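Visitor: I'm new to this one. Could you walk me through how to read it?
Guide: Happy to. Let's look at it together.

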Amino acid sequence: MAEHEQPIIIKKVKKGGHGGHHGGAWKVAYADFVTAMMAFFLVMWILGLSPTQKNRIANFFKEPGVFDNETGKKLPTPLALSPGSKGNEGNGSGDVGMASSDQETEAKFNAAGAASMSDSAKKELQTEAKQDSVKLVEKVKQTAEKLREDVEKMKAEHPDMKNMLDNVSVTISDEGLRIELVEVRDNEFFEVGSSALKPTAVRILQALAKSLGSLQNRVVLEGHTDSKQYPGSRGGYSNWELSSDRANAARRVLETSGLYPNQIMNVVACADKNPYNKSNPFDPSNRRVSIVVPNVQSSTLLEQKIAEKSGTASGEEQHSSHQAITGSGH
């Protein structure tokens, strides 16, 4: 009997099997379907809008606004940049309809990191900057008058300097104050073919520096020559080098005689490219040194004020800005 007994077979059935492998696939398909339907209805909704509404929606996504990183709250945006603020037409990129000065002002705000400032704070800084700019322009005009008076006084006190002082021109223009030391005769201010200043020229520059140092404006020095070739220019030294060296010679005197540190912003070599006497490029009057005091633009003051408010200005920049605003001198 035992020889014919059948072996016991145990069969294990796995539950789930092939169907369990795809148990979540329908969820993905359903999510894709819902997303596609939402996109479809969104497109249909947009197609049903008027052209004006479409423009305003497009402009919103071009300039959505600014949000605080910590709180997530939307920060105030200037009205001129708000989407759709220009009637019902929208503002396009946000700068259509703005004056160029407004665009520059907004650029200053953004560059200085003042996006978080309220509109009222920005307007207040703009007003202050404009008022300070007007005050500084007026002070430059007063300084020009004082310089003219000083020149006349020096003529009376030093008759030996009269010829040279007659060649000192003080003018006011839209750019600011311009002082020209003009060589109407050969070698009034400098030695022949050299950047060495004559002693009388040094005294004149020293007198000018005392008045210029009371201004908060920066100073630009320009060196000019006539069109005669510099002797021995084949060696590489030309009117370019001569005009640069003469401007730098004047710079050294001014910086040690009354100008405050870093007041000189640029020293420019012009050679014979900007003649004083345009009808005669060889005229001696084309050889001159120009001291230019540009007016301080309100946009520059505004940038300084924003930097101070946002705490991004360096110590030197804040010091310069405070002097420009308060009118304190050196």
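Visitor: Let me start with a pair of helices: is the crossing of α5 and α7 left-handed or right-handed?
Guide: The crossing of α5 and α7 is right-handed. Do keep in mind that this is a predicted model.

Visitor: At what angle do the axes of α5 and α7 cross?
Guide: They cross at roughly 150°, and the axes come within 10 Å. Angles over 145 degrees count as roughly antiparallel, so α5 is roughly antiparallel to α7.

Visitor: Which residues make that contact?
Guide: On the α5 side you'll find Thr143, Lys146, Leu147, Asp150 and Met154. From α7 come Arg203, Ile204, Ala207, Leu208, Ser211 and Leu212. Sorted by class, the contact of α5 with α7 has 6 nonpolar, 2 polar and 3 charged residues.

Visitor: And how do α7 and α8 cross?
Guide: Their axes come within 8 Å and cross at roughly 55°.

Visitor: What is the contact of α7 with α8 made of?
Guide: α7 brings Val202, Leu205, Gln206 and Ala209, while α8 brings Ala250, Val253 and Leu254. By class, that's 6 nonpolar residues, 1 polar and no charged ones.

Visitor: How should I think about a nonpolar core?
Guide: In soluble globular proteins, nonpolar side chains tend to be buried together. Here, the largest nonpolar core has 34 residues. The members touching the most others are Leu177, Ile179, Ile204, Leu205, Leu212 and Ile291.

Visitor: Which elements each supply at least two residues of this core?
Guide: Among them are the helices α5, α6, α7 and α8, and the strands β3, β4, β5 and β7. The largest share, 6 residues, comes from α7.

Visitor: What does Ile291 touch?
Guide: Leaving aside residues up to four places away in sequence, its contacts include Leu177, Ile179, Leu181, Leu205, Leu208, Leu212 and Leu254. Arg178 is on the list too, along with Val219, Val220 and Leu221. There's also a second, separate core of 7 residues, including Leu125, Ala129, Leu136 and Leu301.

Visitor: Stepping back, how many helices and strands are in the protein?
Guide: There are 10 helices and 7 strands. Of the protein's 330 residues, 33% count as buried.

Visitor: And what share of contacts join residues at least 24 apart?
Guide: Taking contacts between residues at least 6 apart in sequence, 69% join residues at least 24 apart.

Conventions. Residues are numbered from 1 along each chain as its sequence is written. This is a predicted model: local features need pLDDT of at least 70, side-chain atom pairs count only at pLDDT 80 or more; totals for chains, interfaces and linings use all residues. Side-chain values use heavy atoms; hydrogens and water are left out. A nonpolar core is a set of buried Ala, Val, Leu, Ile, Met, Phe, Trp, Tyr and Cys residues joined through side-chain atoms within 4.5 Å. Buried means under 20% relative accessible area, exposed over 50%, partly exposed in between (1.4 Å probe, protein chains only). Helices (H or I, at least four residues) and strands (E, at least two) are DSSP runs, numbered from the N terminus. Contact means heavy atoms within 4.5 Å. Axes are lines fitted to C-alpha atoms, for helices over the stretch in contact, and angles run from 0 to 180 degrees between N-to-C directions. Angles under 35 degrees count as roughly parallel, over 145 as roughly antiparallel, 65 to 115 as roughly perpendicular and the rest as oblique. A crossing is left-handed if the near helix is turned anticlockwise from the far one by less than a right angle, and right-handed if clockwise. Ala, Val, Leu, Ile, Met, Phe, Trp, Tyr, Cys and Pro count as nonpolar, Asp, Glu, Lys and Arg as charged, and the others, Gly among them, as polar.
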